2 protein chains.
Amino acid sequence: MHAIILSVGDELVLGQTVDTNSAWLSQQLAAVGCDTFAHITVGDDQQMIQRAIARSAWRCDVLLVTGGIGPTEDDLTRQALAAVMGVELELNQQWLAELDQFFKNRGRVMPERNRIQAMIPRGAKLIFNTAGTAAGIEALLSLPQEGGRESCRVFIMPGVPKEMKIMFERDVLPFIKQSGGGACILSKTLHTFGLGESAVAEKLGDLMKRDRNPLVGTTVAGGIVSLRVNSRFSSREQTQSELDRAVKSCYDVLGDLIYGENDRSLAEVINEWLKLKNETVTIAESCTGGLLAKMLTDVPGSSDIFQTGFVTYSNDAKYNRLGVSTEMINIYGAVSEPVVEAMSKNALRLAKADYALAVSGVAGPGGGSATKPVGMACIALAWKDGVTLRTFNFPGDREMVRDRAAKMALSMLRYHLLKKPMPF
Amino acid sequence: MHAIILSVGDELVLGQTVDTNSAWLSQQLAAVGCDTFAHITVGDDQQMIQRAIARSAWRCDVLLVTGGIGPTEDDLTRQALAAVMGVELELNQQWLAELDQFFKNRGRVMPERNRIQAMIPRGAKLIFNTAGTAAGIEALLSLPQEGGRESCRVFIMPGVPKEMKIMFERDVLPFIKQSGGGACILSKTLHTFGLGESAVAEKLGDLMKRDRNPLVGTTVAGGIVSLRVNSRFSSREQTQSELDRAVKSCYDVLGDLIYGENDRSLAEVINEWLKLKNETVTIAESCTGGLLAKMLTDVPGSSDIFQTGFVTYSNDAKYNRLGVSTEMINIYGAVSEPVVEAMSKNALRLAKADYALAVSGVAGPGGGSATKPVGMACIALAWKDGVTLRTFNFPGDREMVRDRAAKMALSMLRYHLLKKPMPF
């Protein structure tokens, strides 16, 4: 079974509102084995809506439309559907009575313009809205018998996410489940940090072949390369077991590169791990200027593993707060392994923490030189028995360099906890 | 001028990722008088991408495509464009050299599969990507002379929002501005912090009427209520002078509530102001855990105004790092005005700064009580002659409470520099 999702609204094509309905609907459809072919968004223009409905109907079994069924002049979805069906709009007395009651309950008289909300194309079915005045519409569009499809089922729902979701779950989903018969789709997302997308893909090799099922794809956001594994079979059992098998294959290939699944962040992983071990971490930040502490404390309950941190942006601060000798800074420069080593060791001691991460780098845009270009960052991890030092060259602008440096510091701690060398 | 925006990615049609690129692009287009006809989203399927490109080209002057130009097998946008153009992909030596260098700079050898990222359809133009390996593509699709349009300009950009935005602004927007024609649209955005959207709207009153030109609208993001003023007239002179007049009216009504225009952040305003006065600020953070320092150091050149900061998350840290007496914490609690007062005064002294901001609050989800509920935060601003103390109750979840508390601290400093009482 195949669906297309059509969103209607000037605020969407003007970019004033981000369309979240389509993603939500796609998720719901995928969960019951219905494929979404495409999302289409058009403005409040009857011709555009009509064309989008007519063209989409040829290409899918079910067309889900949201928006354009309010009471105002720019709500034109019902008119567009009627035009595609070649029929008139007619009044639905039952919904008119409901609307009357809706306003009476609020001590008001129904404005005349709300009457249009009780009009639906002749031959279509009205769908009750339990959360607002915009009734939905269900219609079967018959298609001239040229291609394979004979008809397309159209559901029109409100654009307000809350009303749409209630209506979808109650009146649309049962139809799709019933007539689906198709496959069940289950997915899982695995996150990695440290290697680029192509390096991850290279490791995955054949696992990413486009004709496989489960299908493995990659996406990148904020330096995190994520693998989406989509499994699709006729039975739920097989879908799940094949998903598990494919996920296991990804772990077999990538191993510790995968730091978490679905919604997990690197900082959450660190938080959980340290909580389990009843240990704490402190930070000494120069170029990241508080970002690393912020990431660690983004996680609820982080007070168990993080008690204090040192944001030492200037050289004086590195000396005054952390006792890094001015001589050392003069000899090696603030962005150097000896300096982050001293920062991390002293922070560890002062904060009485189990681990200390120190970062000093050139975030840019200014401050770069031939030997220490923008993007270079030195990171140290100290613990009671030792210290690890690394120097990186991160790409991108100030925000990116700071973000990657902070994530790399978290990664260094993660691999230390794993008792494994960092593979990048 | 009319545009269609095409987004490519399985993660989008599966609903795993909400497409924010299309809304952002539409906003940018609207700002320069280019109408968006439709948004279309398809998965990583070459046939689907091809069809979407071919059909859209007939209906618009410019087609903006995002996504599907990564290095992996499921990145098929460049192949689809080549198929629509009826040409082969050919290697761009210049970008291949850039890619080689990109990996060399990271001490790695370019994986063989990244080579595809230097392939573009013959006759198309490569667009440099300064933030990643996915080069963009610009092509002119000639259309058989049946309808009115002779050609459609296609721009293919990365799906990663950050890379896309940089490329759009640098390489696509100039073309659209240049070939725009039609009415001139100029806009300005004014930012406020501290009052809610409806309170700001109430102050603006008739200025926000929907039939006005310039049109004033409000949006909210991260607690920042922004006014967008869109002026649209046939001549550039009139568009500009009417825009200036409307912006002045907004300032007349809102005054100091407006802290900046267009892309400015509160932290940038603080940075500039302190730089002018040759003064510095330090921070002592409990619940915000580094976020305030991060915001201040997000701004390039912040080392002039920020030298060090104290992230004191635990009570011990408040004592050990800042000398806040354990007795005081026991009596008043860590989230209290006396404690933030001591934090700010001691931080000021230790950091030898001109201003110190201290924040202690209940970020949640845990830790709230009847007298100190989640969302409560005490903020202190200390300077050499005094201290200001305030207690707030911020709405929302952990992320929101932390964000609002940090921004409120910056606001307190801003009003202090303005030598005015904070009006909220």
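Please keep in mind that the model is predicted.

## Patches of like charge

Which residues gather in a patch of positive charge on the surface? They are Arg51(A), Arg55(A), Arg51(B) and Arg55(B). Two elements give two or more residues to this positive patch: H3 of chain A and helix H3 (46-57) of chain B. Take Arg55(B) as an example from helix H3 of chain B. Its relative accessibility is 36%, so Arg55(B) counts as partly exposed.

Negative charge has a surface patch too, formed by Asp10(A), Glu11(A), Asp45(A), Glu73(A) and Asp74(A). To find Asp45(A), look in chain A at the loop between strand E2 (35-42) and helix H3 (46-57). Asp45(A) has a relative accessible area of 35%, so this residue is partly exposed.

## Pairs of opposite charge

Side chains of opposite charge can pair when their charged atoms come close. Over all chains, a search of the whole structure finds 39 salt bridges.

| Salt bridge | N to O distance | Relative accessible areas |
|---|---|---|
| Arg170(A) with Asp171(A) | 2.4 Å | Arg170(A) 33%, Asp171(A) 28% |
| Glu272(A) with Arg264(A) | 2.6 Å | Glu272(A) 40%, Arg264(A) 28% |
| Glu90(B) with Arg122(B) | 3.0 Å | Glu90(B) 34%, Arg122(B) 44% |

How exposed are the partners? In chain A, Arg170(A) is partly exposed, and Asp171(A) is partly exposed as well. Glu272(A) is also partly exposed, as is Arg264(A).

Now turn to chain B, where the side chains of Glu90(B) and Arg122(B) meet in a salt bridge. Glu90(B) lies in strand E4 (residues 89-91) of chain B, while Arg122(B) lies in the loop between strand E5 (119-121) and strand E6 (125-127) of chain B, so the pair ties together parts that are 32 residues apart in sequence. Glu90(B) is partly exposed, and Arg122(B) is partly exposed too.

Salt bridges can also share partners: in this way Lys125(A), Glu138(A) and Arg153(A) are joined into one network.

Key:
Residues are numbered from 1 along each chain as its sequence is written. Chains are lettered from A and ligands numbered from 1 in the order in which they are written. This is a predicted model: local features need pLDDT of at least 70, side-chain atom pairs count only at pLDDT 80 or more; totals for chains, interfaces and linings use all residues. Side-chain values use heavy atoms; hydrogens and water are left out. Patches are made of residues with over 30% relative accessible area and no salt bridge: like charges are joined within 9 Å, nonpolar side chains (Val, Leu, Ile, Met, Phe, Trp, Tyr) within 5 Å. Accessible areas come from the Shrake-Rupley method with a 1.4 Å probe; for residues, only the protein chains shown count as cover. A salt bridge is a side-chain nitrogen of Lys or Arg within 4 Å of a carboxyl oxygen of Asp or Glu. Lys and Arg count as positive and Asp and Glu as negative; His and the chain ends are not counted. The place of a charge is taken as NZ of Lys, CZ of Arg, CG of Asp or CD of Glu. Helices (H or I, at least four residues) and strands (E, at least two) are DSSP runs, numbered from the N terminus. Buried means under 20% relative accessible area, exposed over 50%, partly exposed in between (1.4 Å probe, protein chains only).
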